[in-house]
Every structure is written in structure tokens, then in C-alpha cells.
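Trainee: Please take a close look at one part of this model for me, the place where the two chains meet. I would like one connected account.

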Amino acid sequence: MESTISLKLKGKGKGSKGASSSDDKSKFQVVKEWSNWSLKKAKVATHYGFIPLIIIIGMNSDPKPHLFQLLSPV
Amino acid sequence: MAGLSPPIWTPQDDAKTKVDEKVDYSKLPCPVIYEELHREAFMSLKPELFEGFRVDFNKMMNQKFFFSHNLLMGPTEIPSRTPGKILKVSSSNYEFGANFYDPKFMLMGRITMDGKLNARAKCDLTDNFSVKANAQLTSEAHKSQGLFCFDYKGSDYRTQVQLGNGSLFSANYIQHVTPHLSLGGEVFWIGEQRRSGVGYAARYETDKMIASGQVASSGLAIMNYVQKVSEKVSLATDFMYNFLSRDVTTSVGYDIILRQCRLRGKIDSNGVTSAYLEDQVSMGLRLLLSAEVDHVKKDYKFGLGVNVG
């Protein structure tokens, strides 16, 4: 039991040391990760929302078309 | 990326110091956009040929906003392992599009049944500066492409900067140096493929003819010439040479524009003859006939289409 506890404490100590050195480098990494994340979300948003956006802008332009013109095939 | 011409960079000093003081060089017209340097030749010699049956229906909601429904049923080529053999698979594709065209603001989106979105947006921020964006988005990972362009139009020059995904950067510049001649250059850099290049272009136009040429460090040299024989008929010829792969293609074609129809035909040095007819049958209804016959590969493509609205 004591040996396992001491092993665990050692492991935690090493882990915290590792985190502090990576903190200095991680500012650039954080910016890169955030920009990747935002680009991915922007891509998904554009993929699903671009055509609905055009429809909304078009339906609000004047002369304002009717909703039934949107749905009817003629 | 399709449509990416090799970039070429002429320092601005060279182009502008050529100006003498005989013609009114301070009032030269604005040149065409660099990408549309070969516009007349490409419009005459490269119509949108297709194979199969095609229906394009544009439903106008108001002057600026309309939906487009495009259906193409026909064979599509799939890459074949044995060279010289062409494999075709019949397929049918439907594409739905929403378009909004304002003088200063344009949006276009088309989506296919596979979920592939083709989106374009253009905004004129001022009279001289405009921003364009172009994207092809798919659900497959890493297959999507996006491009931003910033265009500035001066009194007798145009300049454009493009930024795209895959670390693509390109800049081009074109300047009218005499009332008929405009020269331009372009430079590009693609980070992902570790490629970069430079290109030069020139365009000489009068009322009766247009000659243009382009050379690029990616190995491409293009020259073309369009002669306007009359108001209705123009003849065009085109020469493309790739000096890295030693590939040469030349074509000669004609373009006849009548009141109700437009006929374009061309013959190629690869043994391909093609023709494209658009006939305005009545108000709002157009009939399209397309034919492309490749005598060397024995590939025959015929298409029939209807364009409504």
C-alpha cells in the first residue's frame, strides 16, 4: 500500500512539472487550437446555414415575395 | 485548385515608367480583371459542353432573388485503370441553388444531393474595392476548399490578392500601358504543396480583334486571338503549350450570335470537334444542343438541354 501511494505522489509531481514547462509554449498552441476550432465551426455553420441565409435575405428584399411563392413549384 | 493560373510578378515601377506623353496616358481605360484576360477566346472556344439530358429551371421570386434547379442525367466518366479505355457510368444529379444578385452584393449557393455546397459571395465595399469569397464544402474531411479575394480597381490598373486554404496566397496586377495594350503579372505560393510560381500576361485589343498571351513558371504558355469578322460572327484561335510536359494543343473556332440563337463550334489539334447551340425557342425557354466528338479516343458525347426562366 505504502509503495503504491509513494508511486502515485511521484507521478503527480512529475505531471505538474511537465505542465508548467508546456504552459510557456502553449500560448501559441492555444491560439492555433482555438483558430482550428473556430474554422471548423465556421465551416459547419456555412455548410448548413448559407442557403437558408440567402433565402432569408431574399425573402426580405423588396419587392417582398410571398411565402407561398417559396413553396410552390411554379 | 482549378482556374489557378501561374502567378507572375512585374514590379510596378516597370509597368508605370513606360508611360510617355503622346497619347493621354493619364486617362487610360481600366483593364479587364486578370482572371478574365482570355475571356473572349474562352467564351468562344470553350462553351459548357455536356453529355446527356439537362434541365435548368430558374424560378424568379423577384428581380434580385431566384432559385435555380439544375438536373443533369447522363453518363459521367470514371477514371479507368487501362489507359485508352473510357469508362462511363450513368448517373443523375440534381442541384438546388439560391441566388441573390444586388448591384453591390451578390450571394450564390448551390447544393447537390451529396451534400456538397458551392458558395460564392461578392461585396463591393466601395466603388473601387471589392471582396469575393468562394467555397466548396463537403462533408468529407479535408476535401473542402475556400478562397478569399480582395480586388482593388484603380484608374488604369487592377490588383487582386487571394488567400485560400492549404496556405494558398496569390497576388496579381494588370495595367493598361497604351490605349490598346495591357500588361500584367501574377505571383502565387501554395504552402501545402510547396509550390510557388510567377507568371506574365499581355492583352492587346482593338475594336476588331483581341490578342492575349500568358506565360507561367508552372510551365504553361497560352496565346489566343479573336477576330470580330462582323457584329454577329467572330473567329477565335487558341494555342496552349506546356513546356514541362511538352504538351501542345491548338484549336480554331467560330462564334455566331444571332437574334434567337448562338452557335459555337471548334476543332482541336487533339482530334476533337465540338459544337454548341443555344436557341431561344420562345420567351423564357431555351434549347441547348451540345456535341463533342473525339475522333482519336473514339469518344462521342451528345447532349440535349432545356433552360427555363
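Mentor: Contact here means heavy atoms within 4.5 Å. The model is predicted. By that rule, and not counting residues up to four places away in sequence, Val55(B) touches His69(B), Asn70(B), Leu71(B) and Val306(B). Val55(B) lies in strand β1 of chain B, residues 52–60. Val55(B) counts as partly exposed because its relative accessibility is 23%, and buried means under 20%.

Now to the meeting of the chains. The contact involves 20 residues of chain A and 25 residues of chain B. About 1,800 Å² is buried between chain A and chain B, and carbon and sulfur atoms give 75% of that area. His47(A), Ile51(A) and Ile54(A) supply 33% of what chain A buries against chain B, more than any other three residues. There are 0 salt bridges between chain A and chain B, while 6 residue pairs are in polar contact across the interface. On the side of chain A that touches chain B, α1(A) gives the most, with 10 residues. That side has 11 nonpolar, 7 polar and 2 charged residues.

The largest nonpolar core has 16 residues, and Ile54(A), Ile55(A), Phe65(B) and Phe67(B) have the most contacts inside it. α1(A) gives the most to this core, with 5 residues. Leaving aside neighbours within four places in sequence, Phe65(B) is in contact with residues including Ile54(A), Ile55(A), Gly58(A) and Met59(A). In soluble globular proteins, nonpolar side chains tend to be buried together.

Conventions. Residues are numbered from 1 along each chain as its sequence is written. Chains are lettered from A and ligands numbered from 1 in the order in which they are written. This is a predicted model: local features need pLDDT of at least 70, side-chain atom pairs count only at pLDDT 80 or more; totals for chains, interfaces and linings use all residues. Side-chain values use heavy atoms; hydrogens and water are left out. Helices (H or I, at least four residues) and strands (E, at least two) are DSSP runs, numbered from the N terminus. Buried means under 20% relative accessible area, exposed over 50%, partly exposed in between (1.4 Å probe, protein chains only). A nonpolar core is a set of buried Ala, Val, Leu, Ile, Met, Phe, Trp, Tyr and Cys residues joined through side-chain atoms within 4.5 Å. Buried area is the accessible area (1.4 Å probe) that two parts lose on being put together, summed over both. A salt bridge is a side-chain nitrogen of Lys or Arg within 4 Å of a carboxyl oxygen of Asp or Glu. A polar contact is a pair of N or O atoms within 3.5 Å; within protein, one must be able to donate a hydrogen and the other to accept it, and residues adjacent in sequence count only if both atoms are side-chain atoms. Ala, Val, Leu, Ile, Met, Phe, Trp, Tyr, Cys and Pro count as nonpolar, Asp, Glu, Lys and Arg as charged, and the others, Gly among them, as polar.
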